[in-house]
Amino acid sequence: MSTTPRWLTAEEQQAWLAYIDFSTLLSDHLNRQLRRDAGLTHADYTLLSHLSSVPDRTLGMSELAHRLKITRSRLTHAVTRLQQAGHVDRRDDPANRRNQLATLTDQGQELLERTAPGHVEAVRRAVFDVLTPDQVRQFAEIGEAIGTALQRADDGTEAEPEALPWRRR
């Protein structure tokens, strides 16, 4: 039995296309800024930032993949690249030998500290300087509402753990 698709209204399509455009442009803008200023991708910067925000600057690889919403295989490649650059260390987890831990090195922390001011300024110029305070509040509410809805939808995938990218190897 086929159901009729719930097509987007003209206003919804306008909002959706605006999101697609600005998210693509913003991603490119932030990647160019980080490559120019630090030789990093935005994904690598985000990975280093997650490590910098936790005690001992250390997370298990599975937890880090979950936080970044990427496959463990993709995370392994990124951590290997950052390890070769001296920004991350990786070692076996003494509590569970099947797991590995990723740790932000002092060199990686220094890179973040040098890079963060320029990155925050790029984010501020591209996003927050063009929004009113009410729009910033709405932007946060919209992002949280969509994130919550997607998380609830993802929670229904427990029967298929490989359905979520950060659970894939």
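Q: How many helices and strands are in the protein chain?
A: The secondary structure comprises six helices and three strands; these are DSSP runs numbered from the N terminus, with helices being H or I of at least four residues and strands E of at least two. This is a predicted model, in which local features need pLDDT of at least 70, side-chain atom pairs count only at pLDDT 80 or more, and totals for chains, interfaces and linings use all residues. Residues are numbered from 1 along each chain as its sequence is written, and side-chain values use heavy atoms, without hydrogens and water.

Q: And in what order do the elements run?
A: From the N terminus on, the order is α-α-β-α-α-β-β-α-α.

Q: Turning to the surface, which residues form the nonpolar patch?
A: Leu8, Trp16, Leu17, Tyr19, Ile20, Phe22, Phe128 and Phe139 form it, with about 740 Å² of accessible area together. Accessible areas come from the Shrake-Rupley method with a 1.4 Å probe, and for residues only the protein chains shown count as cover.

Q: Which helix gives the most to that patch?
A: Helix α1, residues 10–38, gives the most, with five residues. Ile20 is found in helix α1.

Q: Is Ile20 buried, exposed or partly exposed?
A: Ile20 is partly exposed, as its relative accessible area is 33%; buried means under 20%, exposed over 50%, and partly exposed in between.

Q: What share of the protein chain is buried?
A: Buried residues make up 26% of the 169 residues.

Q: Finally, what box do the C-alpha atoms fill?
A: Taken along the principal axes, the box is roughly 55 × 45 × 25 Å.

Terms used:
Patch = residues over 30% accessible without salt bridge, like charges linked within 9 Å, V, L, I, M, F, W, Y side chains within 5 Å. Salt bridge = Lys/Arg side-chain N within 4 Å of Asp/Glu carboxyl O. Buried < 20%, exposed > 50% of the residue type's maximum accessible area, 1.4 Å probe, protein only.
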